[in-house]
Amino acid sequence: MSSHAVSLSVGHVDTAAAIASDVRAGTRSAVSVLEQHFSRIDAHEADIHAFNHLMRDEAMASAVAVDAAVASGRDPGVLAGVPIALKDNMCTQGIPTTCSSKILEGWCPPYNATVVDRLAAAGAVAIGKTNLDEFAMGSSTENSAFGPTKNPHDLAKVPGGSSGGSAAAVAAGFSPVSLGSDTGGSIRQPAALCGIVGVKPTYGLVSRYGLIAFASSLDQIGPFAHTVEDAALLLEAIAGHCDRDSTSIPQPAPSLVASARAGAIDGVAGLRVGIVNELSAEGISADVLARVEVAAQRLREAGATVGHVSVPSTIYGLSAYYLIAPAECSSNLSRYDGVRYGLRVNGEKGETIEDMMAASRSAGFGAEVKRRIMLGTYALSAGYFDAYYGQALKVRTLIINDFARAYQQFDVLLTPTSPTTAFAFGDRTADPMTMYINDVCTIPSNLSGEPALSVPCGVGDDGMPVGVQLLGPALSEATLFRAAAVIEKGNRS
Amino acid sequence: MSSRLTRQDVVHVAKLARLALTDSEIDAFTADLAGILEHAQDVSSLDTTGVMATAHPLPLVNVLRADVVRPSVSRDEVLAMAPMAEADRFRVPRILGDA
């Protein structure tokens, strides 16, 4: 840890589970919990830049309401008084929501995302909107129009991305938990780089209503937390069917906290764990691979059998993703045209609506967003559709089929989350491909729609956190949390 | 695809994408996109005979609900966030070309 580092360790963490338990029991007030977190923000946010916007007044009103409920004998909910940070691509009614883009600067949504309403209903206290790579396109938060977020473990390093602000907020102790979104690894990779837990749930488990779309067939909201149990608690609170999202799975939220606890207490006897050959080889740092071996050993000691498995088409995942995601983004981001909301710039000619649209989009979008819109528009254009987008969709089928075969032999798969630990600012910005390669281990589960999580497992040669990734078939979150709790337990012994 | 992306392709795609790019952006994107598409050759040259496309990870069917009138967001709030509004509508520059 560098000398600038904010002091962190799981031992000091005030967990969401402990806060909610104390607040519901009336032994701590939500207001005092909030003040404690805001004093930490006041001390360190200038160094970290986790937030685009702090919701001080709204948060205090929520905390007062939670305390009033407790005082009158009503239960405020499973997240009573828990401060939570929200990635700034989730709509919050009347509160600025920017996607870290100039094109949405100053925009206040007229409605809440479903997850925002569910958090409020569970008694959680939203404290602010966190920084991200513009429109969630990036792996370092360096693409934010409002400046990068720093890694709390070393301020000279990136926190990962795109949900870097949400990861840094938790790692710095600004909030015990936060929400991010994951389209190609945007929760799991920053979780790994910041030394916390991050979960991409099964596609459709968490409502995307009010999540500003990047690539609709890949995007999924999920939790960041210091502990596996807190991540389970938060995911339980936000999961479950939503009739405003037509891709929402029509099932109630699964029970996950019990699985996390069972893993820590009883282990994982009989669990079959497969290390994915293709994602544990070329391009992955040796110190990261060593931590995967440590995780495997912890699972073995807790009763699992560990083998190796080939998932051959995952090697095409990166290429397929960088055709599919830009294609979907070029379509989704066509809505930013200066007509109904966001930035409007009148063109030099200043005459027609088309001039205005092109001028607004060119002034409002940053370089990476333009690059992906261009790439996606090209991949979808006449003459190239079949060769690029069409082929990528077929590769997606191959990946799904390969995973299905792997899950005939194994219950969960184990890989690194990120090929390296956190890198320095500016290290990977010159060539887009060097940044994209960060997502090589995380992308396959977005393409398959299956759940995956990153759990901390020690540090690399540079002393920075390493995360390992667990993958499972659709709706296997309970199993993943159980196994993750075993790996986490090893960090404490 | 073996044909390499040209500067003219980039100019055409920018028009389709409603982006007014500067000359230096066009140069940079020509190089960037060519590099990314080169990486995509492993996908575009893969033999996928007989493989179905997956556009979406869930086996989706149409989701229907009763057509019941319910409150929506307020028009005033929506128009308040518009760059220009007039008479309960969004106001935009001229839509038709040379008049």
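How many salt bridges does the rule find across the interface of chain A and chain B? It finds three, where a salt bridge is a side-chain nitrogen of Lys or Arg within 4 Å of a carboxyl oxygen of Asp or Glu. Before we go on, note that this is a predicted model, in which local features need pLDDT of at least 70, side-chain atom pairs count only at pLDDT 80 or more, and totals for chains, interfaces and linings use all residues. Residues are numbered from 1 along each chain as its sequence is written, chains are lettered from A and ligands numbered from 1 in the order in which they are written, and side-chain values use heavy atoms, with hydrogens and water left out.

Let's stay at the interface. One salt bridge pairs A:Lys370 with B:Glu25, and their closest N and O atoms are 2.8 Å apart. On chain A, helix 13 (386–409) gives the most to the side that touches chain B, with eleven residues; helices here are DSSP runs of H or I with at least four residues, strands are runs of E with at least two, and both are numbered from the N terminus. In total, 64 residues of chain A are in contact with 52 residues of chain B, contact meaning heavy atoms within 4.5 Å. About 5200 Å² is buried between the two chains, and carbon and sulfur atoms give 69% of it. That area is the accessible area (1.4 Å probe) that two parts lose on being put together, summed over both.

Now for the inside. The largest nonpolar core has 84 residues, and A:Leu179, A:Leu414 and A:Phe481 touch the most other members. Such a core is a set of buried Ala, Val, Leu, Ile, Met, Phe, Trp, Tyr and Cys residues joined through side-chain atoms within 4.5 Å; buried means under 20% relative accessible area (1.4 Å probe, protein chains only). Helix 7 (228–238) of chain A gives the most to this core, with eight residues. Leaving aside neighbours within four places in sequence, A:Leu414 is in contact with residues including A:Val273, A:Ile275 and A:Leu470.

Most residues other than glycine have a negative phi, and most peptide bonds are trans. A:Cys99, though not a glycine, has a positive phi of about 55°, and A:Cys99 is buried, with a relative accessible area of 1%. A:Phe135 has a positive phi near 55° and is buried too, at 2%. A cis peptide bond, with omega about 10°, joins A:Gly161 and A:Ser162.

Definitions and conventions:
Buried means under 20% relative accessible area, exposed over 50%, partly exposed in between (1.4 Å probe, protein chains only).
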